[in-house]
Amino acid sequence: MLVLGIESSCDESGVALYDTDKGLLAHLLYSQVDLHADYGGVVPELASRDHIKKITPLIRQLLAGQNLSLTDLQGIAYTAGPGLIGALLVGASIGRALAFGLGIPAVAVHHMEGHLLAPMLEPSPPEFPFVALLVSGGHTLLVEVKSLGQYRILGESLDDAAGEAFDKTAKLLELGYPGGPILAALAEQGEAGVYRFPRPMVDRPGLDFSFSGLKTYTLNTWQQAAQTQQDKANIARAFQEAVVDTLFIKCKRALQQTGTHNLVVAGGVGANRCLREKLSTLEASVSFPRLEFCTDNGAMIAYAGAMRLQAGESEPVRISPKPRWSLSELSKN
Ligand code: KG4
Ligand code: ZN
């Protein structure tokens with residue numbers, strides 16, 4: 001079955017072709033980073049308008065690159081949430097209308113299910129059951145994944161998501177946009193052991209997270225420092241170490257609690273080198289998607305949609321994007 005995937009939940013337009021026999025054929029991504037850079041963050045209305053401009057030409061380019069045409073498609077998967085409502089509406093409208101016009105099934109994909117299945121696109125995919133650490137700009141989740149569609153949330157962030165904490169801290173330090181990768185790059189130049197930031201909530205039982213206090217800690221530390229470029233790098237390093245260590249401790253706990261030996265790491269913060277290195281030291285089999293599939297992309301949506309379409313799922317001729325949508329609502333018993 002040849003499936004077209006469309007991702008438009010935030011500031012990336014992503015499209016991909018996944019074939020259930022041949023695997024991922026191709027994917028294309030257009031990032032709106034330059035568009036939002038002047039504003040220091042994503043402007044939702046600009047994001048929606050840009051998705052309208054980019055998605056249709058991207059689909060044409062994707063098919064042409066494979067010498068395929070629209071009539072070769074057998075299913076369409078689009079991100080239906082969670083995300084920015086306007087941005088979601090664009091991908092959902094294009095995907096659903098295209099499927100209706102072509103007389104093929106369409107399926108609404110949960111963005112975080114896409115992220116957690118992204119490592120399945122790698123040559124040695126993880127085996128079920130596994131624990132997934134989903135760390136993106138909007139979510140920090142630890143999920144027990146028994147099989148496709150069987151998700152139990154073990155823990156989540158009570159305030160800022162890990163990526164959000166990176167972005168907001170980068171803003172406090174006036175590092176520019178997008179903050180996460182810039183802060184991570186600066187942290188590489190920081191000296192070890194100059195500062196030690198707290199590891200929030202690790203002394204309490206449970207698997208929830210809280211990252212918002214680290215922003216204040218960063219600001220206070222910066223205000224008390226001499227404010228040289230090296231101080232900034234040292235603070236960035238200490239912040240990153242605190243987030244990474246906290247995620248590491250909770251992942252270890254989640255694996256112990258579930259008796260699972262497989263860990264999957266996904267979402268934008270999964271691209272963080274320090275996090276990847278630290279989690280690789282766990283006594284478990286740890287899978288990461290390649291860097292380009294950690295952040296938002298169409299390939300993960302095409303894959304998740306293909307699995308659901310193959311299992312016989314499809315949507316009526318109606319779209320209902322959900323800006324808020326818990327992963328646990330997907331689980332069938
Ligand atoms: O999954 P994603 O592309 O979009 C969402 O669904 O949110 O994640 C984006 C988040 C942003 O907060 C970004 O700053 C963060 O991932 N991020 C990183 C790195 N690369 C992206 N955070 C830390 N280190 C990185 N290398
Ligand atoms: Zn995402």
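Contact, as used in these legends, means heavy atoms within 4.5 Å. The model is predicted: local features need pLDDT of at least 70 and side-chain atom pairs count only at pLDDT 80 or more, while totals for chains, interfaces and linings use all residues, and side-chain values use heavy atoms, with hydrogens and water left out. Residues are numbered from 1 along each chain as its sequence is written, and chains are lettered from A and ligands numbered from 1 in the order in which they are written.

**View 1**
What does Leu-2 touch, not counting residues up to four places away in sequence? The answer is Leu-17, Tyr-18, Asp-19, Leu-25, Leu-68, Asp-72, Leu-73, Gln-74 and Gly-75.

**View 2. Five strands form an open sheet in the order 3-2-1-4-5.**
Strands of a sheet pair through backbone hydrogen bonds, either parallel or antiparallel. Here the pairing is mixed; two strands pair if DSSP finds at least two bridges between them. Strand 3 and strand 5 (106-110) stand at the edges with a single partner strand each, so one side of each has no neighbour in the sheet. On average, neighbouring strands of this sheet are turned by 20° against each other, direction ignored.

**View 3. Two pairings within the sheet can be followed residue by residue.**
Strand 2 (residues 12-19) and strand 3 (residues 23-31) run antiparallel and are joined by eight bridges. A hairpin of three residues links strand 2 to strand 3. To find this pairing, look for Tyr-18, whose bridge partner in strand 3 is Leu-24. Strand 1 and strand 4 (residues 75-81), by contrast, pair in the parallel sense over four bridges, and Val-3 has Gly-75 as its bridge partner in strand 4. Helix 3 (residues 85-102) lies across strand 1, strand 4 and strand 5, and runs at about 155° to strand 4. Axes are lines fitted to C-alpha atoms, for helices over the stretch in contact, and angles run from 0 to 180 degrees between N-to-C directions.

**View 4. Three protein residues hold donors for the zinc ion (ligand 2).**
His-111 (NE2), His-115 (NE2) and Asp-296 (OD) lie 2.0 to 2.1 Å from the zinc ion. Donors are N, O and S atoms within 2.8 Å of the metal (3.2 Å for Na, K and Ca), and water is not among the atoms, so sites may look incomplete. Along the chain, the donors follow the spacing H-x3-H-x180-D. Why are His-111 and His-115 separated by about one helical turn? Because they are four residues apart in helix 4 (residues 111-117). His-111 is buried at 6% relative accessibility, and His-115 is buried at 1%.

**View 5. Helix 6 (residues 179-187) has a set of buried residues.**
They are Gly-179, Gly-180, Leu-183, Ala-184, Leu-186 and Ala-187. Seen down the axis of helix 6, these residues fall within an arc of 160°, so they line one face of the helix; the arc is that of the directions from the helix axis to the C-beta atoms. Their cover includes helix 5 (162-172) and helix 8 (229-258).

**View 6. Helix 6 meets helix 8 and helix 5.**
The axes of helix 6 and helix 8 come within 7 Å and cross at roughly 110°. Helix 6 and helix 8 are therefore roughly perpendicular (angles under 35 degrees count as roughly parallel, over 145 as roughly antiparallel, 65 to 115 as roughly perpendicular and the rest as oblique). Among the residues making this contact are Leu-183 and Leu-186 of helix 6 and Ala-233 and Phe-239 of helix 8. Helix 5 and helix 6 pack at about 70°, with their axes 7 Å apart, which makes helix 5 roughly perpendicular to helix 6. Here Phe-166, Asp-167, Thr-169 and Ala-170 of helix 5 meet Gly-179, Gly-180 and Leu-183 of helix 6.

Note on methods
Buried means under 20% relative accessible area, exposed over 50%, partly exposed in between (1.4 Å probe, protein chains only).
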